[in-house]
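Thank you all for making the time this morning. I would like to take you through one structure, and I will ask you to keep the sequence and the picture in view while I talk.

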Amino acid sequence: MIVRKIIAIALKDVTSTYRNVTALVMMLAAPLALAALLGLAFGGNDSGYSVPITRVAFVNQDEGRDSTRGPIALGTLLCDILHSPDLKNLLAITVFTSPADARASVDKGKAAVAVVIPPDFTASITSPDPSATSSIILYADPTQTLGPAIVRGITQEVADAFNGSRAVSAVMLHLAADAGPPPGQNGPNSNVTTEDMEKIILQTTSAYIQATQEEGFSGTTARGPQVDHQAKDPGIEGLVLSGMMVFFMFIGGANIARSIIDEDAQGTLPRLFTTPTRRSVILGGKMVSVFLTVLTQAIILLLAGGLLFGIDWGGVVPVALLTLNTALVSAGLAVFLVSLMKTPAQAGAITSGVFVTLALLGGNFVGSMPIGGLFSTIRRLTPNGWLLEGWDKVLRGAEAHDILLQLSVAMAFAAVTFVAGSLIFRRRFS
Amino acid sequence: MGFIEADNLRKQFDPPRGVIAVDGVSFAIEAGEIYSLLGPNGAGKTTVISILSCLLRPTEGDARVGGNSVVHQAAAVKSLIGMVPQDIALYMDLSARENLVFWGKMYGMVGAELNRRVDEVLELIDLKDRQRERVDKYSGGMKRRVNIGVALLHRPQALYLDEPTVGIDPQSRRAILDAILEFRNQGMTILYTTHYMAEAQELSDRIGIMDHGRMIAEGTHEELVRIVGEDAHVQLSVDRNLEALMNVWPTLDGVGTVSAENGKITLLVHDATSTLPYLFETAQREGARITEISVMEPNLEMVFLHLTGRALRD
């Protein structure tokens with residue numbers, strides 16, 4: 001009988017909620033509309049960002065150099081990198097023989113940026129002389145911003161890698177010089193010659209080239225959180241909708257939890273207390289209704305995301321676990337916050353403020369996209385931050401065991417807030 | 001021994017300094033009786049009914065319903081009573097039928113029994129044809145009927161109605177009062193709170209008059225009006241010869257005491273209908289004209305005025 005009454009209360013609330021047009025707009029239409037708008041803004045129905053392909057005029061004047069492993073030409077390596085399959089959706093390379101032709105191509109609007117590798121590029125980088133320098137010349141169309149910035153970033157990253165290789169070689173040689181001659185040999189400490197250093201730099205650089213060619217270039221993803229290249233593309237709509245879904249589930253949960261206060265003010269809760277139904281059962285029913293409402297909301301949004309935007313949410317088990325988890329966190333947080341409020345108006349204003357703040361800190365408005373730095377630490381102080389981490393991983397193809405940490409932390413948030421809220425409500429209505 | 005018995009009920013909100021809403025109220029209601037609690041707003045009527053429905057716990061005292069303590073046997077009490085709150089306490093976005101089914105479940109009813117009873121109640125409140133419409137589309141009177149219907153679902157032995165006719169049209173009020181009399185005829189014990197003197201007078205077998213949390217008088221209507229005597233009050237003004245009339249009128253048959261204050265004369269008369277023509281006749285004979293006259297038969301309003309010095313509507 002107790003279970004029947006709890007279910008009756010919960011189903012009554014769910015029915016009421018899904019008959020309320022305003023609630024439906026807030027719970028379902030708003031997240032879908034926002035996801036659609038952001039999806040369109042960032043690339044329509046494609047499965048990812050649809051950044052226009054940047055046309056690059058490339059001139060390689062690098063003369064290269066011989067090494068013990070054969071001739072090396074870092075300019076050619078840079079050209080190969082720009083031609084790599086990883087960048088085929090970003091860059092279209094046209095090779096020119098003269099810098100003037102490349103610049104003319106930019107001037108005529110046929111290319112967004114020209115990249116000119118100087119003749120001494122390899123020689124300078126592999127030179128033991130620390131003062132030896134060489135500059136890659138970038139000539140960009142001033143009306144273009146994103147494309148030239150991408151090319152500049154990639155080129156800079158490759159140049160940094162070469163410089164790093166050169167610095168490592170120099171340090172190794174100095175350390176060797178400081179260590180002195182091998183045991184059993186006599187002589188001065190600085191028995192490393194300039195020729196030795198040049199040889200090591202060449203070997204290091206050629207080894208780097210070999211490694212790069214074998215493993216592929218990861219320049220565009222080297223910074224910030226590492227992303228598994230084998231993972232599936234989550235798509236912008238999935239990332240945005242997951243953020244919106246979590247945010248609006250919090251809001252939806254709070255609206256239902258607020259119905260406890262609403263019912264108290266409207267007289268239906270006191271009337272329920274005059275029936276032969278225990279107060280704990282009535283409050284239990286209200287808690288279950290919060291959970292069921294946000295769970296239904298999540299299922300509808302997940303299905304709508306799949307049907308309307310073609311979002312592949314990921315594996316059934318991790319998505320189901322994460323959905324349940326998100327619903328529990330929403331319910332727990334909503335019950336806790338509303339338990340602290342006295343009037344419906346107070347509950348509405350304060351819960352909205354809290355959820356917007358949590359959303360800003362947790363990253364709901366940037367979707368579940370991984371963002372590094374201080375933000376990634378701050379977002380982990382919020383339950384939605386952990387949930388979004390989980391959704392990001394699941395959208396990229398993670399399995400249940402990959403999101404155990406996120407699930408556990410979010411569950412802890414849910415348990416603590418739900419128990420605290422329930423106790424406060426019980427004390428209030430006892 | 002009454003079916004409902006209140007014994008020295010006291011309720012103070014936020015003790016020790018909070019408002020004392022009910023202060024030492026005791027009364028008993030026999031089975032099958034209509035008992036009205038009459039008093040102005042804030043008299044403590046709703047607090048008493050809330051204690052008797054186990055919604056509020058008394059600070060002191062206890063009450064029994066069907067022999068069960070409202071303090072210690074709340075579940076048993078709740079299954080015996082049906083509560084009609086003062087304000088409409090329904091789910092506005094559900095239909096009348098959905099509301100009745102939900103509340104029936106809260107009273108522990110299920111399945112075919114529940115559906116059968118919901119049909120009966122819909123018939124009783126005359127909403128069978130519109131049972132599937134949302135309650136927020138109903139008129140005030142229809143909502144009131146559903147509000148009462150909810151309390152009848154589980155066939156309670158006692159029905160509490162807390163000012164059920166506030167803010168509704170005369171036709172709906174009449175229908176509700178007739179229904180209450182019918183429930184009493186079926187053997188239901190009814191506790192009714194109101195600040196409408198006429199309702200209490202018409203419905204009640206016995207009446208308790210409350211003011212400032214206390215029971216100031218209790219009894220049948222006849223017993224209560226006897227507190228102020230059986231004479232009607234006639235109050236009138238004349239344009240001249242006040243002193244002469246003050247000497248003549250006390251000599252007329254059926255006229256008791258005569259007093260004058262601020263130019264107005266008050267007479268206590270045994271039978272206003274037969275005495276009034278003589279009053280006009282003697283005034284004319286003395287060359288005076290009656291410019292204003294009012295007759296007040298002995299009633300609960302006069303009782304309240306007599307006991308508290310204030311009008312019931314104040």
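I will begin with the interface between the chains, then turn to salt bridges, and finish with a helix and a surface patch.

Before anything else, please bear in mind that this is a predicted model, and that every value I quote is computed from it.

Let me start where the two chains meet. On one side 22 residues of chain A are in contact, and on the other 28 residues of chain B. The area buried between chain A and chain B comes to about 2100 Å², and carbon and sulfur atoms give 62% of it. Within the share that chain A buries against chain B, A:Arg19, A:Arg271 and A:Thr274 supply 34%, which is more than any other three residues.

What polar features cross this interface? The rule finds twelve residue pairs in polar contact between chain A and chain B, with both residues at pLDDT 80 or more, and it finds one salt bridge. That salt bridge joins the side chains of A:Arg19 and B:Glu98, at 2.6 Å from N to O, and A:Arg19 is, as I said, one of the three residues that supply 34% of the area chain A buries against chain B.

Which helices of chain A make up the side that touches chain B? At least two residues each come from α1 (2-19), α8 (236-266) and α9 (268-273) of chain A. Of the elements on that side, α1(A) gives the most, with eight residues.

In one of them, B:Asp136 pairs with B:Arg134, and the closest N and O atoms are 2.9 Å apart. Both partners are partly exposed, B:Asp136 at 34% relative accessibility and B:Arg134 with a relative accessible area of 29%.

Another is formed by the side chains of B:Arg184 and B:Asp205, at 2.9 Å from N to O. This pair links distant parts of the chain, 21 residues apart, since B:Arg184 sits in helix α6 (residues 170-185) of chain B, while B:Asp205 sits in the loop between α7 (197-203) and β9 (206-211) of chain B. B:Asp205 counts as partly exposed, at 29% relative accessibility.

The remaining example joins B:Arg289 and B:Asp239, whose side chains meet at 4.0 Å, N to O. Here the partners are 50 residues apart, with B:Arg289 in the loop between α10 (272-285) and β14 (290-296) of chain B, and B:Asp239 in the loop between β11 (232-238) and α9 (242-248) of chain B. B:Arg289 is exposed, with a relative accessible area of 54%, whereas B:Asp239 is partly exposed at 35%. Over in chain A, salt bridges that share partners join A:Lys12, A:Asp13, A:Glu263 and A:Lys286 into one network.

Let me close with a contrast in cover. Helix α1 (residues 45-52) of chain B has seven of its eight residues buried, among them B:Lys45, B:Val48 and B:Leu52. After α1(B) comes B:Cys54, whose phi is positive, near 65°.

In chain A, by comparison, A:Leu303 in helix α10 (residues 279-309) is exposed, because its relative accessible area of 54% is over the 50% cut-off. Together with A:Ile299, A:Leu307 and A:Leu308, A:Leu303 makes a nonpolar surface patch of about 450 Å².

Note on methods
Residues are numbered from 1 along each chain as its sequence is written. Chains are lettered from A and ligands numbered from 1 in the order in which they are written. This is a predicted model: local features need pLDDT of at least 70, side-chain atom pairs count only at pLDDT 80 or more; totals for chains, interfaces and linings use all residues. Side-chain values use heavy atoms; hydrogens and water are left out. Patches are made of residues with over 30% relative accessible area and no salt bridge: like charges are joined within 9 Å, nonpolar side chains (Val, Leu, Ile, Met, Phe, Trp, Tyr) within 5 Å. Accessible areas come from the Shrake-Rupley method with a 1.4 Å probe; for residues, only the protein chains shown count as cover. Helices (H or I, at least four residues) and strands (E, at least two) are DSSP runs, numbered from the N terminus. Buried means under 20% relative accessible area, exposed over 50%, partly exposed in between (1.4 Å probe, protein chains only). Contact means heavy atoms within 4.5 Å. Buried area is the accessible area (1.4 Å probe) that two parts lose on being put together, summed over both. A polar contact is a pair of N or O atoms within 3.5 Å; within protein, one must be able to donate a hydrogen and the other to accept it, and residues adjacent in sequence count only if both atoms are side-chain atoms.
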